[in-house]
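Me: I'd like to go through this one side chain by side chain. Could you take me through the packing and the charged pairs?

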Amino acid sequence: MESLNQTLDHLLAQQAGNESYQQLMTEVFADPEVQTFLQAHQSELSAQSIQRGRAKLYEYVHERDLANQGRVSVAPGYVPKLVVSAGQIDVAYVPTDQLKAQRAKAARLARVTPISMPKFIRQASFDAFFREGPNATPSRNQALERALMFVKQYSPNRFVPGLYLSGSFGVGKTYLLGAIANQLADQGVQTTLVHFPSFAVKMKSSIGKNTTDQERDRIKQVPVLMLDDIGADALSAWVRDEVLGVILEYRMQEELPTFFTSNFTMAQLVDHLAIDNQGNQEPLKAMRIMERIRFLSREIVVEGDNLRQKLGNS
């Protein structure tokens, strides 16, 4: 440190006639972080490069102090960092921990795409699901265990079937989908959750706009897809075969994990799908849909009290 101090004394002596400047630079060069930086880079910095870098050293101290005081600086959300670039002192601006956390949160939120889904999806978590207590049931615990297992086993390089959660209103099926999606988001996985009855209406309106293929293809290609409330309404033959059927066929061929919730069990859903909204019966087409659903997911019947009024889930 002695040779460094000698260099600094020499630089300050050159400005001896300017007392205010000398006082300012004395404070800058006495700054512990500046001292540490210059000491660490003695072999890279000549006396001339330190002299040329005085403005950068001042910039660093000034901007750092502003940031520490919570005041607006040259680069809000960033803090200065002294660096050596091509043998010269420079100041780089790096994100604050707060900005990093905000970006991480935004990136995580962007990995979960809810379409016509309830707001509580964003806050759903495994911790808030029912492992014990008065709301716990064996089937809820089984569903939670299978959900945890999926998250642990998921890999884009191998097929892991999703879950088909069936059961009455308010038993936590949709909430559990949200918890799975949020946990996958923490692992960098993108998930799209779709309230299927609302999506079916949207697809019908897309015919007039000539955007049917784009809307359907956007859904069918996502890494992890969750279709909520399958079977809530009677489907037209077109929605069943040209929308749902095409989506599931693609995902089966590409082996892309797919989740479902329904008030119908799989056995009940096949009968529901066999009759379209015009009353036409087409059991073979329903069986074809169910073959894809059974390939893509494994059924768990979720039982328990209706918690919708208490927690706002379904």
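Predicted model: local features only at pLDDT ≥ 70, side-chain atom pairs only at ≥ 80, totals over all residues.

Me: Okay, how many residues are in the largest nonpolar core?

Reply: That core has 32 residues, and those with the most contacts inside it are Leu176 and Ile180; by nonpolar core I mean a set of buried Ala, Val, Leu, Ile, Met, Phe, Trp, Tyr and Cys residues joined through side-chain atoms within 4.5 Å.

Me: And which elements give two or more residues to this core?

Reply: They are helix H7 (138–153), strand E4 (162–166), helix H8 (173–186) and strand E6 (224–228), where helices (H or I, at least four residues) and strands (E, at least two) are DSSP runs numbered from the N terminus. H8 gives the most to this core, with 8 residues.

Me: What does Leu176 touch?

Reply: Leaving out residues up to four places away in sequence, Leu176 touches Phe126, Phe129, Ala143, Leu144, Ala147 and Leu165, a contact being heavy atoms within 4.5 Å.

Me: Which residues does the second core include?

Reply: The second core is separate and has 30 residues, among them Phe199, Leu235, Ile247 and Ile289.

Me: Switching to charges, how many salt bridges are there?

Reply: The structure holds 16, each being a side-chain nitrogen of Lys or Arg within 4 Å of a carboxyl oxygen of Asp or Glu.

Me: Which residue does Arg64 pair with?

Reply: Arg64 forms a salt bridge with Asp31, and their closest N and O atoms are 2.7 Å apart. The pair links distant parts of the chain, 33 residues apart, with Arg64 in helix H5 (residues 54–68) and Asp31 in the loop between helix H2 (19–30) and helix H3 (32–40). Arg64 is buried at a relative accessible area of 13%, and Asp31 is buried at 10%. Salt bridges also link Asp31, Glu33, Arg64 and Asp65 in a network.

Me: What about Asp213 and Arg216, where do they lie?

Reply: Both lie in helix H10 (residues 212–220), 3 residues apart, about one turn of the helix, and the closest N and O atoms of their salt bridge are 2.9 Å apart. Asp213 is partly exposed at 43% relative accessibility, whereas Arg216 counts as buried at 12%.

Me: Last topic, aromatics: how many pairs does the count come to?

Reply: The count comes to 6 aromatic pairs, under a rule in which rings of Phe, Tyr and Trp (its six-membered ring) pair if their centres lie within 6.5 Å, with planes under 30 degrees apart counted as stacked, over 60 as edge-to-face and the rest as tilted. Phe150 and Phe259 form an edge-to-face pair, 4.8 Å centre to centre with 85° between the planes. Phe150 lies in helix H7 and Phe259 in strand E7 (residues 258–262), so this pair ties together parts that are 109 residues apart in sequence.

Me: Are those two buried or exposed?

Reply: Phe150 and Phe259 are both buried, and together with Tyr154 they form one aromatic cluster.

Note on methods: Residues numbered from 1 in each chain as written. Heavy atoms only, no water. Buried < 20%, exposed > 50% of the residue type's maximum accessible area, 1.4 Å probe, protein only.
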